[in-house]
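Open the model in your viewer and keep the selection tool at hand. This tour tells you what to select next and what is there.

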Amino acid sequence: MFSTVEKMEKNQITRKTSITNELRAAWSITKKEWIIRASYPLEIIYFALSPFLWMIPVIFFGLSITGGADSTNLAELVGTSDWKTFIILGMVFTNAITMIIYGAGYSFRREQNRGTLESIYVSPISRTTLLSGFTLHYVSFTLISTLIQIIAAIVLFGININALGIAVALLSFGIAITGIQGIVFIFSCFVLKFRRAWITTEIAINFLLFITPAAYPIAVLPTVFQVFSKASPLTWGLTIFRSALMPDLIVSYELFVNLIISTIILFALGWLLFRFIESSIRKTGSLQKF
Amino acid sequence: MNLETELDDRIQNQAAKILDFRAIWTITKMNMTIVLRYPANIVLWGLFPIIWFVPMIFSGYALSGSSTSPNFTELSGYTDFVPFLVVGWFVYIWIDSTIWGIGNSLREEQEEGTLESILLIPTSRINILLGYSLREILITLMSSVVLVGTSVILFNLQLVVSQIIPTIILIGLMLLGFIGMGIMMAGMVILFKSPGILLELFDIFNSTLVPVHYPVSVLPSSLRAISFIIPATVALVGVRLALIKGALTLQTFLSLSFHLIILAVIFWSLGLGIFKLAEKHTRKTGKIGGY
């Protein structure tokens, strides 16, 4: 009798987990995170603006090197001498990526600290949906922050943006986010497995940012790092994003192929690892341990 | 009853002693015991700055094609931007650790539930904060050795060691100023609890105005004036001259030292004033151990 009830419950849960319901659940998590964030309006302003403030030292450094708006060496390397637009767009992209990885990657840790992780975990939705809900919240917040950064850069530094390339830039960003979701899965594994995994995640994220050509082209990286850089979807996402928005640069078909292939590989790797770690955590019952 | 009064008097006398080196050292030792349980953290904090400034070096290479540029030389007086950046970061990690370290120390105790017990130690609060400062200085000393050692190997740097004594004196005077700033931050933490945004804003302010990556002359003139009220800007002028060129003259050293002493006096007065006000306010409202 007991097993019949259990089966009925399982069937009910399975029926409920249709795609529409999963999307609704992901949206509910996003909404919940927005409600919490809205309670701290000063934090919203700060986190939306601070990525732009961090760009200022890089721009001053560039100015001290070039003494003007053009760099002939950069023109030889990538085809544009407009170093300010090149660096700012690179940083806008990597700032967005960092925000999503840190935000979504540590979401389980935050729930653990709030004492709500177990309650969220027992809700009848897939774990992938759960994590996607957190990612969706950070993606929406990041889009607002990115827009603010670009407008501030246009007004204050006079960067040149090709408005016709916005759709392509957003498309590349969207595909790269799927790749980032793979990284978020991997980060969440570290958090679930080791709890205070900040050293590992810090090293990983700093390495990732190091090989992502935000303030320089891949060509200046040592050869061994170029190999890692070319395997990362962020490199291709950023290259397309920047090429689409800069009037002097062109987006080629090969860039999209590289982005899609690297995204699929990273997402699959992250998802498989997450499934494996998550099931082992549930078996050992260490979900709520600090 | 008499014994109680006597004990009370002894505690009061002890608390009134502003510079109690035994108390400062005890707090430092207590903290260092915890810190030394995780030696990898010290090495990592020495290596992280390298990961942060190497992209800047790559960026410089991409813009100029080499580790120098005519504009950079004209503005800074240095031919190579690599040692310029390394020495900049060598000084910057002291700012970061002193202010973040002291500012966050009380918050850490608050989160661990030990702040009230720490504040009940029969010594002046300043001694407690100085204990935390000394901990940060010792950690940063170890991390800075890792940073400079690794940079020398990685970038084949040749730093001048003959002027190391004036360098140490300048850094010491700079730290005096920063400890004053740290005490000010600790007061803000007691008052506003979560210090994250405040410290981050302070960090952005410092990293823009202190000439870590570029010479001060590249800043707009209004910002240049503000830059020189930050002790690190003053110290960096001398430390770079000493470690990169070996050309720090006695006159420059004395004038920079005097500038740093004045800043230290200003920041200590401000720090002590703000901390005392914050402490008084939280004791009145009874929220000292709260989040």
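The stops below go from aromatic pairs to charges over rings and then to a pocket.

This is a predicted model, so local features need pLDDT of at least 70 and side-chain atom pairs count only at pLDDT 80 or more, while totals for chains, interfaces and linings use all residues. Residues are numbered from 1 along each chain as written, chains are lettered from A and ligands numbered from 1 in written order, and side-chain values use heavy atoms, without hydrogens or water.

**Stop 1: ring pairs**

Over all chains there are 23 aromatic pairs. Rings of Phe, Tyr and Trp (its six-membered ring) pair if their centres lie within 6.5 Å; planes under 30 degrees apart are stacked, over 60 edge-to-face, the rest tilted.

Select Phe185(A) and Phe267(A). Their centres are 5.7 Å apart with planes at 70°, so this pair is edge-to-face. Phe185(A) sits in helix H9 (residues 166-194) and Phe267(A) in helix H13 (residues 253-284), both of chain A, 82 residues apart. Helices are DSSP runs (H or I, at least four residues), numbered from the N terminus. Phe185(A) is buried at 0% relative accessibility; Phe267(A) is partly exposed at 27%. Buried means under 20% relative accessible area, exposed over 50%, partly exposed in between (1.4 Å probe, protein chains only).

**Stop 2: across the chains**

Which two chains does the next pair join? Select Phe210(A) in helix H10 (residues 198-211) of chain A and Phe58(B) in helix H3 (residues 39-64) of chain B. The centres of Phe210(A) and Phe58(B) are 5.7 Å apart and the planes at 40°, so the pair is tilted. Both Phe210(A) and Phe58(B) are buried.

**Stop 3: a ring cluster**

Select Phe61(A), Tyr61(B), Phe72(B), Tyr78(B), Phe81(B) and Phe84(B): ring pairs link them into a cluster. Lys245(B) lies over the face of Tyr78(B), 4.6 Å from the ring centre. The test is NZ of Lys or CZ of Arg within 6 Å of the ring centre and within 35 degrees of the ring normal.

**Stop 4: the second largest pocket**

Return to Phe210(A). With Ile50(B), Val54(B), Leu154(B) and Phe155(B), Phe210(A) is among the residues closest to the centre of the second largest pocket, which 26 residues line. H3(B) gives the largest share of that lining, nine residues. By class, the lining has 21 nonpolar, four polar and one charged residues. Nonpolar covers Ala, Val, Leu, Ile, Met, Phe, Trp, Tyr, Cys and Pro; charged covers Asp, Glu, Lys and Arg; the others, Gly among them, are polar. A pocket is an open set of points on a 1 Å grid over the protein atoms alone, where a 1.4 Å probe fits, with protein on both sides within 12 Å along at least five of seven lines; lining residues have an atom within 4 Å of a point.
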